[in-house]
Amino acid sequence: MPQVNYAKKEIQFKIVYYGPGMCGKTTNLQVIHEKVPAKAKGKMASLATSQDRTLFFDFLPLKAEAIEGYVCKFQMYTVPGQVKYNSTRKLVLRSCDGVVFVADSQLSKMQENKESLLNLEENLQAQGDTLAKMPLVFQYNKKDLPQIAPNQYMDFLLNNGSVKVPIIEASAIKGDGVLDTLNAIAKLVIQDFVAKKNQGN
Amino acid sequence: MAFELNVADCERIQKDLNEFLDLSEAQATLLCDRGGSILFSEGEFQEDAIDLICALVAGSFAATKELALALGEDEFSAIFHQGKNNSIFISAIGEEVLLLSIFSENTNAGLVKMYAKTACRKMQGLFAEIGDRSHVEAEDVTASFVIKKENLFE
Ligand SMILES: Nc1nc2c(ncn2[C@@H]2O[C@H](COP(=O)(O)OP(=O)(O)O)[C@@H](O)[C@H]2O)c(=O)[nH]1
Ligand SMILES: [Mg+2]
């Protein structure tokens with residue numbers, strides 16, 4: 001559940017971009033940062049090594065009037081994808097309200113996508129959450145490249161649970177699909193929150 | 001852990017933080033959760049940097065925890081970073097909340113540490129109470145949450 005402050009009339013959601021190394025998570029946040037107007041965003045930071053690979057996390061705070069009478073803040077994070085940084089991924093996932101799983105559509109990356117999704121599931125379970133209950137969208141990224149898998153095949157490999165996760169095709173580097181993905185996850189975390197609150201949880 | 005703060009909670013927290021600032025002579029202080037979300041701030045912060053500050057406070061505290069584990073400690077309950085003009089002190093309130101204190105070279109670091117410890121002990125009970133509450137009513141009990149807009153970002 002998000003943090004709620006009834007005195008300030010503010011709700012804070014934490015959204016995490018997850019996926020294998022180099023699938024385009026950092027690019028997503030960079031594009032959002034470029035496109036969103038100044039009044040809707042705060043300072044962005046990338047804690048990266050000199051080779052541009054995310055070592056710690058990227059962070060971008062956003063703000064919108066999504067619920068009557070409240071300011072909704074969305075704290076956007078990416079995780080480092082490389083297998084060895086699992087403790088950082090666990091830290092970033094802490095108290096998260098929604099996940100965007102960015103999959104690399106290149107055929108050669110399907111194994112890495114699957115492993116990363118499995119790793120997400122394990123890390124959520126370790127903190128008492130489940131993938132099935134977490135607001136989640138899949139972004140099938142890098143659709144501009146040759147030798148990519150059809151969505152149907154990616155669904156077969158990744159999106160094969162009893163409830164289908166919404167998918168968004170993207171080419172983050174061109175800016176395509178990035179805001180659609182953001183809007184899709186924002187909508188899900190808000191609906192999840194409103195449903196829980198209005199049932200009296 | 002998600003905290004829901006009502007007006008009375010905010011008043012209590014504000015009172016405790018102000019008392020801490022008065023006694024310690026620190027410039028500014030804030031509370032965030034270990035996931036990096038802000039709970040409350042007192043004193044001057046740059047508005048557009050405050051969320052990032054919280055994300056980094058939670059991140060550096062967690063990184064230091066890994067260091068503690070590597071050294072055979074459970075965690076360091078507080079960390080101190082010294083700067084040329086300003087220094088910071090981060091201390092844990094229970095398992096979920098962090099207190100950040102910012103103070104200048106004119107302030108005595110020992111005093112800040114001591115009063116931060118007292119403030120943390122004091123607020124631990126409050127946050128345990130807030131965390132245990134199963135349901136917080138909005139101020140107006142008839143209020144429900146209504147979604148205003150769906151495509152938020154264009
Ligand atoms: N062709 C193509 N390249 C992309 C796309 N998105 C990201 N990239 C590139 O993939 C590399 C890794 O991207 P990055 O965002 O750093 O991945 P991260 O490791 O998931 O954060 C960079 O060189 C990006 O420019 C895309 O949609 N198409
Ligand atoms: Mg990255």
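1. In chain B, a hairpin of 4 residues links β4(B) to β5(B). The two strands run antiparallel and are joined by 4 bridges. Within this pairing, B:I79 has B:I90 of β5(B) as its bridge partner. The model is predicted, and the remarks below should be read with that in mind.

2. As background, the strands of a sheet pair through backbone hydrogen bonds, in either the parallel or the antiparallel sense.

3. At the β3 end of the order, strand β2 (residues 28–33) of chain B runs antiparallel to β3(B), and 4 bridges join them. One residue pair to look for here is B:L30 with its bridge partner B:S41 in β3(B).

4. Which helices lie across the sheet strands?

5. For orientation, chain B has 3 helices and 6 strands. Read from the N terminus, the elements of chain B follow the order β-α-β-β-α-β-β-β-α. The C-alpha trace of chain B spans about 50 × 35 × 35 Å along its principal axes.

6. β1(B) pairs with a strand of the other chain: strand β1 (residues 3–5) of chain A and β1(B) run parallel, over 2 bridges. In this pairing, A:V4 is opposite B:E4 in β1(B).

7. How many residues does each chain bring to the contact? Chain B contributes 46 residues and chain A contributes 49 residues. The area buried between chain B and chain A is about 4,000 Å², and carbon and sulfur atoms give 57% of that. On the chain B side, B:F145, B:K148 and B:F153 lose the most area to chain A, together 22% of what that side buries.

8. The interface also holds charged and polar pairs. Between chain B and chain A there are 5 salt bridges. B:D51 forms a salt bridge with A:K73, where the closest N and O atoms are 2.8 Å apart. There are 21 residue pairs in polar contact across the interface of chain B and chain A, counting those with both residues at pLDDT 80 or more.

9. Several elements of chain B take part in the side that touches chain A: β1 (4–5), α1 (7–24), β3 (38–42) and α2 (50–70) each supply at least two residues. Which element gives the most to the side of chain B that touches chain A? That is α2(B), with 9 residues. By residue type, the side of chain B that touches chain A divides into 22 nonpolar, 10 polar and 14 charged residues.

10. Two elements link the points above.

Methods
Residues numbered from 1 in each chain as written. Chains lettered and ligands numbered in written order. Predicted model: local features only at pLDDT ≥ 70, side-chain atom pairs only at ≥ 80, totals over all residues. Heavy atoms only, no water. Contact = heavy atoms within 4.5 Å. Buried area = accessible area lost by both parts, 1.4 Å probe. Salt bridge = Lys/Arg side-chain N within 4 Å of Asp/Glu carboxyl O. Polar contact = N/O pair within 3.5 Å; in protein donor to acceptor, adjacent residues only side chain to side chain. Nonpolar A, V, L, I, M, F, W, Y, C, P; charged D, E, K, R; others polar. Pairing = 2+ DSSP bridges.
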